[in-house]
Amino acid sequence: MGRAELAASVQLSVRRADESVSEDLEWSSAALDWLRTARPWRTFRWRKGQKHYSGTYWSATVRDHVIYESRLELARLLFADFAPDVRQMVAQPFLLKAEVKGKLRRHIPDYLLLTDDGPVVVDVKPRRRLELPKIAFTFEWTREAVASRGWQYEVWSEPDPHELENVRFLAGYRRDWLFDPVLLEGLRALDLDGRTLGEAFRLLPEQPRPLVKSAVLHLLWSGRVTTEMGEPLSAGHVLKRSA
């Protein structure tokens with residue numbers, strides 16, 4: 001089936017912000033504004049002995065909780081929250097239906113990310129499962145459907161472990177209201193480019209060292225400065241001015 005033929009058969013169902021449901025909408029013309037504020041299509045329950053790890057994550061980007069159904073999905077949320085180009089995150093944003101190879105197929109993507117470069121539909125799956133025929137087939141037709149709207153489609157698997165640990169650590173400093181604006185402004189007024197983390201922690205000696213350290217790490221989380229994330233963070237990491 002060609003992309004145009006597939007796109008013509010795709011329908012979308014979405015749960016709106018007021019919990020009303022709109023079903024079997026034409027995929028190509030479904031309003032992005034509806035999806036931006038969509039509620040999760042599927043809800044989940046916690047139960048003793050369940051094999052997956054579900055929960056909610058408070059996102060600094062959307063300033064609200066976003067659900068996840070596995071630790072891998074939580075990792076994807078952390079990376080999305082850390083990314084400066086992500087403006088909105090929607091969990092289980094819609095149900096897709098499509099006629100593919102003579103059968104009606106259904107799929108609920110894990111996330112919709114609204115970025116500076118446009119919408120990104122994300123499915124999260126462990127790398128070891130990507131070659132399973134059923135999963136590969138579902139992701140293939142979903143990719144074609146998403147591409148028919150000019151959107152990006154991403155299948156996300158396990159990230160670099162050091163990068164994940166660094167992002168998870170910095171996420172502890174994501175709540176901006178916990179930091180003294182005067183202290184943050186004092187750090188922003190200094191040239192942090194080329195300084196090590198250890199040097200930055202010793203700036204503003206008139207301020208308590210733990211508060212300065214926390215504020216530097218908040219600036220790193222919020223993208224005011226960057227550093228190499230592929231190895232465990234240390235006092236020797238060199239800071240760079242954000243582009």
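**A close look at glutamine 92**

Modeller: The side chain of glutamine 92 makes a polar contact of 3.1 Å with the side chain of glutamate 69. A polar contact is a pair of N or O atoms within 3.5 Å; within protein, one must be able to donate a hydrogen and the other to accept it, and residues adjacent in sequence count only if both atoms are side-chain atoms. The glutamine 92 side chain also reaches the backbone nitrogen of arginine 42, again at 3.1 Å.

Before we go on, a word about the model. It is a predicted one, in which local features need pLDDT of at least 70 and side-chain atom pairs count only at pLDDT 80 or more, while totals for chains, interfaces and linings use all residues. Residues are numbered from 1 along each chain as its sequence is written, and side-chain values use heavy atoms, with hydrogens and water left out.

Where does glutamine 92 sit? You will find glutamine 92 in the loop between β5 (86-91) and β6. Helices (H or I, at least four residues) and strands (E, at least two) are DSSP runs, numbered from the N terminus. Is glutamine 92 buried or exposed? Its relative accessible area is 3%, so glutamine 92 counts as buried; buried means under 20% relative accessible area, exposed over 50%, and partly exposed in between, using a 1.4 Å probe and protein chains only.

Now look at the neighbours. Not counting residues up to four places away in sequence, glutamine 92 touches several residues, including Pro40, Trp41, Ile67, Pro109 and Tyr111. Contact here means heavy atoms within 4.5 Å. Isoleucine 67 is 25 residues away from glutamine 92 in sequence, and their C-alpha atoms are 8.6 Å apart in space.

The side chains of tyrosine 111 and glutamate 73 are joined by a polar contact of 3.3 Å. Glutamate 73 belongs to helix α3 (residues 71-82). Glutamate 73 is buried but has no salt bridge; its nearest side chain of opposite charge is arginine 42, 6.0 Å away. A salt bridge is a side-chain nitrogen of Lys or Arg within 4 Å of a carboxyl oxygen of Asp or Glu. For charge, Lys and Arg count as positive and Asp and Glu as negative, while His and the chain ends are not counted.

Strand β5 is part of an open sheet of four strands, in the order β5-β8-β9-β10, with mixed pairing. Two strands pair if DSSP finds at least two bridges between them. In this sheet β5 and β10 (152-156) are the edge strands, each pairing on one side only. Antiparallel strands β8 (residues 111-115) and β9 (residues 118-124) are joined by five bridges, and threonine 115 stands opposite glycine 118 in β9. Axes are lines fitted to C-alpha atoms, for helices over the stretch in contact, and angles run from 0 to 180 degrees between N-to-C directions.

Strand β6 is part of an open sheet of four strands in the order β2-β1-β6-β7, with antiparallel pairing. The edges are β2 (21-26) and β7 (103-107); each has a single partner strand, so one side of each is left without a neighbour in the sheet. From one strand to the next, the twist averages 20°. Three bridges pair β6 (residues 95-100) with β1 (residues 11-15) in the antiparallel sense, and leucine 12 stands opposite leucine 96 in β6. Helix α4 (residues 133-147) lies across β6 and β7, at about 85° to β7.

One last stop is aspartate 123, in strand β9. Aspartate 123 is also buried without a salt bridge, and lysine 125, its nearest side chain of opposite charge, is 6.8 Å away. A polar contact of 2.5 Å links the side chains of aspartate 123 and tyrosine 153.

Stepping back, the protein chain has eight helices and 12 strands, and 46% of its 243 residues count as buried.
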